[in-house]
Amino acid sequence: MIVFDKPKSLTDAPLHYCPGCTHGIIHRLVAEAIDELGIEGTTIGVAPVGCAVMAYNYFACDMVEAAHGRAPAVATGIKRANPENIVFTYQGDGDLASIGMAETVHSATRNENITIIFVNNAIYGMTGGQMAPTSLPGQVTQTSPYGRDTATVGFPIRVSEMLATLEGPEYIERVAVNNVKNIKNAKKAIKKAFENQINGKGFSLIEVISTCPTNWGMTPQNALEWVDEKMIPYYPLGVYKDRSAAKEE
């Protein structure tokens, strides 16, 4: 009896991510959702610029590479041209919440029928660990060696809370992948986001709190603990918008 196996929607290519990075877990959850829904043959993914820039090597479905921050716009074009396909973006916080913020907001307010997987590790990972829009108050990064000073650079952007104020989006939830319980909840949220698209409900965004041990300067174990101690208190987990659930109530 097989207890655990690699999802068919992942290729055999070795992941390039740093030791302890949770991108690999998130990739697996996305692939498992695609497998379970039987949509591998009709799914198109959009890769970002950032740590996941080579996501096209890992997902066994059609993939498109977007310019930095433009994944929601690219996904919108693909979905409108091919409405029968399932389209998702996989983006980090620098890609989505900084250079790509306009594309994110406008695709959400139009309720584009796409699925966005938003990985928030509170730092720019690929380019060396600079402060990101999501870096926490006081967080030390390569460009904030004395800690993020909110008096001069402002506060971190809570993307899920902000998008939930818009009329357009169907479903927004924040999850984490730092322990078994959270991973299981993340899987359910990601699968529901794809189901929403299959059912034509519109825009779904799943924000996933992730780790970056290398740029945080921590061991993988300490990074997982830091998520609980620092990130989740600032970025509370939960559903921020679910129009279908609201209608049922």
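Colleague: Is cysteine 61 buried or exposed?
Modeller: This is a predicted model, in which local features need pLDDT of at least 70 and side-chain atom pairs count only at pLDDT 80 or more, while totals for chains, interfaces and linings use all residues. Residues are numbered from 1 along each chain as its sequence is written, and side-chain values use heavy atoms, with hydrogens and water left out. Buried means under 20% relative accessible area, exposed over 50%, and partly exposed in between, for a 1.4 Å probe and protein chains only. Cysteine 61 has 14% relative accessibility, so cysteine 61 counts as buried.

Colleague: How many disulfides does the count come to?
Modeller: A disulfide is a pair of cysteine sulfur atoms within 2.5 Å. The sulfur of cysteine 212 lies 6.0 Å from the closest cysteine sulfur, in cysteine 51, which is too far for a bond. By this rule, the number of disulfides is zero.

Colleague: Which residues of helix α4 are buried?
Modeller: Helices are DSSP runs (H or I, at least four residues), as are strands (E, at least two), numbered from the N terminus. Helix α4 covers residues 101–109, and its buried residues are Met101, Glu103, Thr104, Ser107 and Ala108.
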